[in-house]
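Subject: Structure handover

Hello,

Here is the structure for your files. My notes on it come after.

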Amino acid sequence: MDTPTAHEIYLWLVTAVTGAVAVNTLLRLWIDRARLRQEDLHEDDRLFAWRIVLFLVYPLMTLVDLRATMVTCQWFGGYIKDWTYGLFWYSAIPRGIALHEHLLFVLFAGVLVQLLLAASLLPSLCFRPHPFFATILGYTITTVLALTLLVDPLMSLLGVGGSRWQIILTTATLQESLWIAGVYIVAAATYLFVILNERTRLWFADLSRPLVSEELRDVLSQWKIDPANPHLCARLAVLYERAGLRSQATKRLVQLKATHPQSIYRCFVEAVLSYKQRKYKIARDQFLKAADFANVDGNLRGSLLAASGCAAFAEGDMEGALNLSERALEFDDASLVARMVKVDVFLRTGKKEQAGEEIIAAIRRGLDLDLESKVPLDSERALQRIGRIHAAEKRQGISAQKLPLARK
């Protein structure tokens with residue numbers, strides 16, 4: 001019996017981890033089945049959809065690829081030698097194929113079947129299925145096409161491709177290699193053009209996030225009438241981010257920087273987008289700047305300071321997160337985000353008793369401990385308050401002024 005190589009051991013370790021995650025995903029899918037029926041999916045729901053596609057759907061697609069290769073090989077009078085299936089990968093060596101052209105067809109049979117299966121899922125999206133099901137379908141199509149047209153051939157160029165590419169690289173002629181490369185380049189370029197197109201992304205956002213998309217269309221129609229309005233521009237940026245259209249959200253931020261660089265809207269939008277992009281230092285600073293504007297009421301200032309505390313915690317600054325949370329509670333004693341940041345800081349630093357006291361204090365105040373759509377803050381609610389401040393300032397004929405000094 002041959003001793004397994006380091007590469008084979010690594011592949012089987014990947015298979016073992018994949019199998020464990022797949023079982024956990026199935027259990028969670030059953031436990032959270034009621035939650036997934038809701039129309040408004042949260043970020044955790046979309047991450048779970050990715051888990052389903054990667055650890056449940058894609059292993060099935062890999063098995064389909066293997067079976068298509070085996071059936072096609074038998075069709076041309078050959079057989080498969082030493083086949084292996086490892087959920088994310090497989091190895092199959094065709095033997096006994098008389099014609100070289102038939103061998104190439106056998107090698108690409110699985111690819112063709114995968115592409116056809118992905119294409120067959122597209123019409124189902126036209127019937128507007130449930131958002132969670134539409135999300136899984138969309139992620140499945142994009143994942144299969146990306147892995148088949150981009151990842152698989154690129155990995156083969158790095159020397160870690162599957163048995164298909166090892167055989168092609170050793171048996172294909174120069175002309176055949178050029179034809180294969182040309183087809184893949186054209187198909188990959190077409191895929192990237194379609195998947196990065198704004199209309200495609202808006203269409204998928206409308207399927208997977210129908211409530212946000214409906215609000216986005218409404219705000220977009222208003223913004224087209226008054227594109228210089230900072231409130232509409234800020235709302236548009238936040239809604240684009242919630243709809244998963246990050247590039248469009250960034251464009252609206254660039255517009256705010258050009259037209260209203262010193263406004264609270266610019267600080268707020270830059271803070272929200274930076275937090276979503278894990279640029280926590282920038283988010284922390286911009287939330288603080290937004291909180292330091294004059295005429296900001298206590299509840300809004302507390303929300304902004306709590307959001308800055310969230311960013312500080314994510315950045316790893318426990319002391320800064322605790323101080324900002326304390327400041328937030330000075331303005332809004334009912335700030336759940338601020339109290340939960342304090343709980344996280346206490347738990348991270350081993351102060352379990354203080355963490356328990358904060359949780360008890362939150363319960364006594366009647367706070368709902370559900371933080372979904374509230375971290376680092378409720379963007380829509382904050383924008384409504386900022387809009388009221390902006391409208392009041394316009395009526396009074398004044399502009400927002402910064403406070404003399406911001407406490408650090």
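The model is predicted, so to read it: local features need pLDDT of at least 70 and side-chain atom pairs count only at pLDDT 80 or more, while totals for chains, interfaces and linings use all residues. Residues are numbered from 1 along each chain as its sequence is written, and side-chain values use heavy atoms, with hydrogens and water left out.

Pocket

The largest pocket holds about 1800 Å³ of space. A pocket here is an open set of points on a 1 Å grid over the protein atoms alone, where a 1.4 Å probe fits, with protein on both sides within 12 Å along at least five of seven lines; lining residues have an atom within 4 Å of a point. The volume is the space filled by probe spheres set on the points, which are joined across faces, edges and corners.

The lining of the largest pocket has 50 residues, and Glu43, Arg46, Arg209, Arg242 and Gly244 lie nearest the centre. Elements that give two or more residues to this lining include helix H2 (43-75), helix H3 (100-125), helix H4 (131-157) and helix H17 (379-396). H4 gives the largest share, six residues. By class, the lining divides into 27 nonpolar, eight polar and 15 charged residues. Ala, Val, Leu, Ile, Met, Phe, Trp, Tyr, Cys and Pro count as nonpolar, Asp, Glu, Lys and Arg as charged, and the others, Gly among them, as polar.

Helix pairs

Helices are DSSP runs (H or I, at least four residues), numbered from the N terminus. Axes are lines fitted to C-alpha atoms over the stretch in contact, and angles run from 0 to 180 degrees between N-to-C directions. Contact means heavy atoms within 4.5 Å.

H10 (residues 246-259) and H11 (residues 264-276) pack at about 150°, with their axes 9 Å apart. The two are therefore roughly antiparallel (over 145 degrees; under 35 is roughly parallel, 65 to 115 roughly perpendicular, the rest oblique). Residues in this contact include Leu253 and Leu256 of H10 and Val269 and Leu273 of H11. The contact of H10 with H11 has six nonpolar, one polar and five charged residues.

H13 (residues 298-315) and H15 (residues 336-348) pack at about 25°, again with axes 9 Å apart. H13 and H15 are therefore roughly parallel. Among the residues making the contact are Gly309 and Phe313 of H13 and Val341 and Val345 of H15. This contact of H13 with H15 has seven nonpolar, one polar and two charged residues.

The axes of H7 and H8 (residues 210-225) come within 5 Å and cross at roughly 125°, which makes H7 oblique to H8.

Regards
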